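Look at the model below and consider two topics in turn.

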Amino acid sequence: MTIFTHILLNNVVPLSIMIGLGVALQRAFKLDIRTLSKLNFYFFSPAMLFTMLYESTFTTDTAFRTLLFFAVFYAMLMAVVELFIRLRGLKEGMPSAMRNSVIFYNSANFAIPLNQLVFASNPFTMSIQLIIMVIQSLLPNTFGIFTINARKMELKQALKVVFTFPAIYVVPVALLMKGFDVPVPSPIYTPLEYIAQAFIATALLTLGAQLGNMKWSLSKFDLVFFSNGLRLLVSPALGFLAVWLLGYEGLLAQALVLSCAVPTSLSSVLLAVEFDNEPDFASQAVFSSTVFSIFTVAVVIALIGGL
């Protein structure tokens with residue numbers, strides 16, 4: 001019961017409050033959701049990604065083993081999602097919307113406090129979660145943007161769209177500056193930190209504004225349900241399979257599996273809004289998976305003790 005209560009009070013309730021504020025603001029002032037989306041992609045997200053990479057601390061061995069797990073796990077997850085898309089015969093924008101709702105997950109403001117709770121703020125398990133968070137911050141800004149636009153235009157044009165977003169340039173710059181110990185002057189770094197800290201709040205308000213703007217419909221309820229199942233049930237199951245295939249045990253295996261069990265990322269909503277790609281479905285998938293994760297994550301925490 002402690003785990004349920006903790007997840008509810010420290011993850012779901014704070015997120016719901018911010019989302020609720022977004023709904024209220026949208027109903028009161030009719031916010032420009034596209035403007036909020038652009039602020040996230042061009043302003044808040046790049047600053048968050050830069051500071052996260054620049055401040056990260058993890059060993060080469062931990063990074064390699066985590067990346068190897070991620071490659072195996074992602075290959076299996078993508079295969080399952082693509083199989084589902086084909087079996088259901090999803091068309092137009094739904095394949096990329098379904099894909100994004102499953103493969104992009106809340107590795108930051110949900111997974112980090114969860115990791116701290118389960119592993120008592122262990123620096124080793126936190127370094128694993130930080131690596132996952134970096135990957136999950138980069139993928140929506142590259143692969144996510146590409147897959148949404150690939151159906152609308154030629155390959156060259158879709159790649160061009162990816163390279164118009166600043167996150168693609170932030171990653172190599174941050175890694176090079178970190179690798180060569182290049183200091184960032186305080187007058188520049190302090191504003192970057194302020195901007196980065198605003199990312200989660202703005203993203204949650206954007207989700208709330210989208211929920212407040214949409215007409216609720218049960219027409220795609222079954223797809224939202226399957227998205228939640230793939231994200232909250234199939235994903236951690238594949239995490240267990242991946243650590244078993246790689247022979248990982250102990251805290252490494254536990255932290256990796258737990259990282260797979262969290263709900264859908266806000267990035268899927270931001271992508272859906274920015275490119276007008278099934279925003280209603282994306283919003284419902286994020287909201288419902290966050291609520292249902294109270295129960296599914298608790299089960300995963302109980303099971304990882306055997307690794």
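On a 1 Å grid over the protein atoms alone, a cavity is a set of points where a 1.4 Å probe fits but cannot get out. A pocket is an open set with protein on both sides within 12 Å along at least five of seven lines, and lining residues have an atom within 4 Å of a point. Grid points are joined across faces, edges and corners, and a volume is the space filled by probe spheres set on the points. The model is predicted: local features need pLDDT of at least 70, side-chain atom pairs count only at pLDDT 80 or more, and totals for chains, interfaces and linings use all residues. Residues are numbered from 1 along each chain as its sequence is written, and side-chain values use heavy atoms, with hydrogens and water left out.

How many cavities of 30 Å³ or more does a search of the whole structure find? The search finds 1. The largest cavity has a volume of about 40 Å³. Its lining consists of L15, I19, N106, N109, L204, T264, L266, V286 and T290. Helices are DSSP runs (H or I, at least four residues), numbered from the N terminus. Helix α1 (2-29) and helix α15 each supply at least two residues of this lining. Sorted by class, the lining of the largest cavity has 5 nonpolar, 4 polar and no charged residues. Here Ala, Val, Leu, Ile, Met, Phe, Trp, Tyr, Cys and Pro count as nonpolar, Asp, Glu, Lys and Arg as charged, and the others, Gly among them, as polar.

The largest pocket holds about 580 Å³ of space. Of the 32 residues that line the largest pocket, M48, M52, A108, M133 and F199 lie nearest its centre. Two or more lining residues come from each of α2 (33-55), α6 (123-138), α7 (140-150), α10 (186-197), α11 (199-213) and α14 (267-274). Helix α2 gives the most, with 7 residues. The lining of the largest pocket divides into 16 nonpolar, 14 polar and 2 charged residues.

The second largest pocket has a volume of about 150 Å³. L53, F58, A63, L67, I131, V134, I135, L138, V171 and L175 line the second largest pocket. The elements that give two or more of these residues are α3 (60-88), α6 and α9 (167-179). The largest share, 4 residues, comes from α6. The lining of the second largest pocket has 10 nonpolar, no polar and no charged residues.

Now turn to the helix pairs. Axes are lines fitted to C-alpha atoms, for helices over the stretch in contact, and angles run from 0 to 180 degrees between N-to-C directions. The axes of α11 and α14 are 10 Å apart, and the two helices pack at an angle of about 60 degrees. That is why α11 counts as oblique to α14. Angles under 35 degrees count as roughly parallel, over 145 as roughly antiparallel, 65 to 115 as roughly perpendicular and the rest as oblique. In this contact (heavy atoms within 4.5 Å), F199, A203, T206, L207 and Q210 of α11 meet V269, L270 and V273 of α14. By class, these are 6 nonpolar, 2 polar and no charged residues.

In the other pair, the axes of α13 (residues 250-259) and α15 (residues 279-304) come within 10 Å and cross at roughly 165 degrees. Helix α13 is therefore roughly antiparallel to α15. Q254, V257 and L258 of α13 make the contact with V297, V300, I301 and I304 of α15. The residues of this contact divide into 6 nonpolar, 1 polar and no charged.
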